[in-house]
Amino acid sequence: MITGRNLSLAFGNTQVLRGANIDVPLGRLVAICGPNGAGKSTVLSVLAGEQKHYQGDVYFGDEALADLTSRDLSRRRAVLEQSPSLSANFCVDELVRLSIPMELPPRDTDVMVCNILDQLGLSEFAKRRVDNLSGGQRHRAHLARVLAQVYANQTLFGAGYLFLDEPTASLDILHQIAVMKIARAAAQNGVGVLVVLHDLNLAAAFADDVVMVNRGETVAAGPVGQVFASKLLSQIYETPINVDKHSSGRLVIYPELQDLAG
Amino acid sequence: MALLEITQIRGRRLPFHTMVFVVLLATLLIVAIGELVLGPVRLNLSQIYDAIVGNGEPMPAAIVTQIRAPRMVLGLGIGMSLAICGAVLQGLLRNPLADPGLIGISGGASAAVVVVIVLGDMFLGEIPVGIRPYVLPIAAFCGALLVTALILGFAQKNGEMSIGRLILVGVAINAIAGAGIGFLTYISNDTQLRDLTFWSMGSLAKTGWFGVGISVTIMMISNVVLLRYARALDLFQLGERAAFHSGLAITKIKFSACAICAVAVGAGVSIAGPIGFIGLVSPHIARMIIGSAHHLLLPASALLGGVLLLCADLIVRNVIPPQELPIGLATSLIGGPFFLFLLLREKRL
């Protein structure tokens, strides 16, 4: 499990995190939600090891984040940025192989790449240049790359964490659901998945746990059903928000728009 | 996609890559032999063979072993080194315009040499005659290293090295070096001007085995070390954050790769002056042939750089023999239009 305790971070005079707490257990999908500027992506970047000057404690199992090199970290977690980029004209197959640790035997690498391309519906594009793909396909290709890294970590080192920073931000609803299903499947395969999400309904549908962040603090954390309550969400987002139960049993979250009624 | 299919695709691609390397090596060999055969005095292959095994007539043997062979070895070393450094810098900076000249290494080396040529008499009077031939190469090498240290120092802020700052510092250093060279050229006399031409446009002419041996050894060791950066350079193409997420120690790699490039280029410039375009064009052509994966791109660029530089040298030596044009003229004159042609063909750039 990854644990983050009392995480604080300032950029210049701006205090971005003020004692945030978070747990990411293996085999669960944890969503970080909150308003714009709440510090969601910053929490993820601290756990990912990108921030050097944070205060607080982060542990990967019983290892302190501060003691891990970039190489150690890459063997424990994989991160998909909000807007992944690629400067070279690699084909999809080459891109997916990029972040797989060298320790994985070539034959296993081939099998893993093959399976992941299949899982993400990218097999037919395997030899196509990434820059010739549509936006959605390109995003999936980068997701395939981090999945390959995380599954390779799981195979080689026994555990893997996957961090996704707003992975659905630029996608249509079909692709949003596809991405979240992949994240869900990873969690079911034993990967600890941390996702920064704006869409509360996606979080309600796919996450096991939710960490609500506001003004750099964790204001609530726990299973979706406990955290997503109308009163709390209305307070955090400073607008009336309803939480209903759909006939499927899933929570449906929607803002009250009384001033638009009629 | 079936696993079998992936393996088959790999199977098909491998011979293509192998074929590219065989063709490049064969071309390099032909051009290298051409460098020994062609020149103001035309030699045949048996004369060259005799000279190499030590049985030749004195004159052809001297031409081969004392003039053309060191020149060929130097050309190979510098061509390969400039090209591989160009490919590394382009990969590291994620900038297709990067080459060793861009970050000021060549400019620093040239400036140091120009200072010694024009102002050397003021402080080099006491230097023993035996050491004098090595003063300029040593100055160039020191200039390259000094400028690289300055650039790497300036490019760092809060312990992080910013690529944007690196390029801007390179531009500034180039501008300062250019102004210094311009001023010193203005106050130089006729003899100094001839030397300055050599050092501003490059040449493989002033070579002897001693200098070539040292310079090429440094360049080849640097090249081999740079080949080990292939995977890191692949990951850099994802951007520095994603490269870090994939396990790279970003600052360390940027710093060490730039420093190795500086040593390699400094070793080349110190003996042949600045030679443009090879470091820029070779990686581009190689990328078009063999793709962007650096474990193939770096060696292919190196071979191509060797071929291009030896071709350029063959041209400058044989256009108006026994006169010799500066090699920088040929690399720019051939490389420039060829580069434009490639750019027009490649829609992506």
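Is A:Glu238 buried or exposed, and how many C-beta neighbours does A:Glu238 have inside 10 Å? Some notes from a first look at this predicted model, starting with that residue.

1. A:Glu238 counts as exposed, because there are 9 C-beta neighbours inside 10 Å and the cut-off for exposed is 12 or fewer. You'll find A:Glu238 in the loop between α9 (230–237) and β11 (241–245) of chain A. Its backbone is worth a look too: A:Glu238 is not a glycine, yet has a positive phi of about 55 degrees. Most residues other than glycine have a negative phi.

2. A:Arg215 sits in the loop between β9 (209–214) and β10 (217–223) of chain A. With 16 other C-beta atoms within 10 Å, A:Arg215 is partly exposed.

3. Now the domains of chain A. The assignment gives domain 1 as 1–76 + 159–229 and domain 2 as 87–158. Their C-alpha centres lie 23 Å apart, and the contact takes 14 residues from domain 1 of chain A and 14 residues from domain 2 of chain A. On the domain 1 side, helix α6 (residues 173–188) of chain A gives the largest share, four residues. By class, that side has eight nonpolar, four polar and two charged residues.

4. On to how the chains meet: 22 residues of chain B are in contact with 28 residues of chain A. On the chain B side, the elements giving two or more residues are α1 (3–37), α9 (230–236) and α10 (240–245) of chain B. Eleven nonpolar, seven polar and four charged residues make up that side.

5. Just after α11(B), B:Gly273 takes a positive phi of about 75 degrees.

6. Last, the record. An unreviewed UniProt entry places the feature "transmembrane region" at several stretches of chain B, including residues 69–89 and 297–320. In the model, residues 69–89 of chain B are 100% helix and 0% strand, with end C-alpha atoms 30 Å apart. Residues 297–320 of chain B are 92% helix and 0% strand, and their end C-alpha atoms lie 35 Å apart.

Notes: Residues numbered from 1 in each chain as written. Chains lettered and ligands numbered in written order. Predicted model: local features only at pLDDT ≥ 70, side-chain atom pairs only at ≥ 80, totals over all residues. Contact = placed C-beta atoms within 7 Å. Nonpolar A, V, L, I, M, F, W, Y, C, P; charged D, E, K, R; others polar. UniProt positions renumbered as here; feature names shortened; annotations may be inferred. Domains from an automatic or database assignment. Buried ≥ 20, exposed ≤ 12 C-beta atoms within 10 Å, placed from the backbone.
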